[in-house]
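Please read the following briefing alongside the sequence and the 3D structure.

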Amino acid sequence: MGSVTTQPLFSFGVIADVQYADIPDGRSFLGTPRYYRNSILVLQKAVQAWNQHGHLKFVINMGDIVDGFCPKDQSLSATKKLVDEFEKFQGPVYHMIGNHCLYNLPRRELLPLLNIPSRDDDYNAYYDFSPTPEYRVVVLDGYDISAVGWPEDHPKTLAALKILDEKNPNSEKNSPEGLVGVERRFVKYNGGVGEKQLEWLDGVLKDATESNQRVIVCGHVPMSPGCASSAALLWNFDEVMSVIHKYDVVKVCLSGHDHKGGYFVDSRGVHHRSLEAALECPPGTYSFGYVDVYENKLSLVATDRMLSTDFEI
């Protein structure tokens with residue numbers, strides 16, 4: 001088109017759902033092959049490529065660092081092993097928690113291991129940072145309201161169980177059987193964003209608006225039914241998107257969790273991209289990438305199992 005090639009404002013690495021475990025290969029509940037031991041090789045290849053790139057500002061891991069089938073006596077050592085691999089990247093690494101993380105370790109152990117800054121004594125895992133003056137990255141805690149990860153008698157556990165009892169009639173709360181459309185999201189392996197976090201998000205986006213910043217929102221659980229299965233959505237994605245749509249600063253929402261990957265632009269022009277899982281890469285294939293951030297677009301440059309995507313903004 002005759003345009004002059006420009007350098008990005010900054011670039012960052014992405015990977016999702018490594019879900020490592022030192023166990024034989026298996027399958028998901030839907031029958032999709034899962035390569036538990038191979039996934040660490042995918043991560044190692046990603047770190048090598050990110051370091052060879054040489055100009056990545058940071059790397060963001062979209063959650064589920066270790067799989068729920070990891071033997072529980074190995075949960076701590078496996079998590080440390082994966083964190084050590086991420087730390088071989090020559091720059092900052094940002095993590096978020098996913099459901100499989102919480103199947104392995106409680107928040108009080110998980111957050112320090114993943115270097116997630118706890119906002120208070122309650123081990124909330126949402127935060128934000130500015131890689132450049134023009135941009136803010138927001139990391140949501142999609143298991144803020146959740147039946148996993150909190151103590152059994154915690155108010156957030158009780159609130160989650162109440163939601164599941166009201167919305168899901170199945171005795172097995174991980175099953176969406178009989179639920180229709182986006183109601184299928186009310187399963188135990190998903191979660192929600194609490195009121196305090198919603199208020200925090202509103203404040204961050206208000207501040208970003210006043211600071212003339214653009215925002216990238218990241219969360220393990222997808223925030224739009226357009227980019228993911230209806231059974232792999234944030235419980236209150238509608239409330240979260242209502243806050244996001246209140247401002248004109250969020251350009252892209254990145255997520256993991258759904259494994260197959262997806263892309264959608266919503267009615268307000270926000271791009272939603274759920275990333276393909278590293279766990280489901282057969283040996284010799286890879287799923288990771290990096291995002292180049294330009295003035296008028298973001299470009300996801302990805303490997304063979306992850307689709308490259310341009311986000312025009």
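One aromatic cluster is formed by Phe10, Phe12, Phe58, Tyr94, Tyr127, Phe129 and Tyr135. The model is predicted: local features need pLDDT of at least 70, side-chain atom pairs count only at pLDDT 80 or more, and totals for chains, interfaces and linings use all residues. Residues are numbered from 1 along each chain as its sequence is written, and side-chain values use heavy atoms, with hydrogens and water left out.

**Aromatic pairs**

- Rings of Phe, Tyr and Trp (its six-membered ring) are paired if their centres lie within 6.5 Å; planes under 30 degrees apart count as stacked, over 60 as edge-to-face and the rest as tilted.
- The count by this rule is 13 aromatic pairs.
- Phe10 and Tyr135 are edge-to-face, because their ring centres are 5.5 Å apart and their planes stand at 75°.
- This pair links distant parts of the chain, with Phe10 in strand S1 (residues 10-15) and Tyr135 in strand S7, 125 residues apart; helices (H or I, at least four residues) and strands (E, at least two) are DSSP runs, numbered from the N terminus.
- Both Phe10 and Tyr135 are buried, where buried means under 20% relative accessible area, exposed over 50%, and partly exposed in between (1.4 Å probe, protein chains only).
- Phe58 and Tyr94 form an edge-to-face pair, at 5.6 Å centre to centre and 85° between the planes.
- Distant parts of the chain are again linked: Phe58 belongs to strand S4 (residues 56-61) and Tyr94 to strand S5 (residues 93-94), 36 residues apart.
- Phe58 counts as buried because its relative accessibility is 2%, whereas Tyr94, at 22%, counts as partly exposed.

**Charges over rings**

- A charge sits over a ring if NZ of Lys or CZ of Arg is within 6 Å of the ring centre and within 35 degrees of the ring normal.
- Lys45 lies over the face of Tyr286, 5.6 Å from the ring centre.
- Lys297 places its charged end over the ring of Tyr294, at 5.8 Å from the centre.

**Helix H6**

- Helix H6 (residues 195-210) has 16 residues and spans 23 Å from its first C-alpha to its last, close to the 22 Å expected at 1.5 Å times one less than its number of residues.
- Buried residues in H6 are Gln197, Leu198, Trp200, Leu201, Asp202, Val204, Leu205 and Ala208.
- Their cover includes strands S6 (127-132) and S8 (214-218) and helix H7 (237-245), with contact meaning heavy atoms within 4.5 Å.
- Asn212, which follows H6, has a positive phi near 60°.

**Annotated domain**

- An unreviewed UniProt entry places "domain: Calcineurin-like phosphoesterase" at residues 12-260; UniProt annotations may be inferred rather than shown by experiment.
- The end C-alpha atoms of residues 12-260 lie 21 Å apart, and the span is 31% helix and 15% strand.
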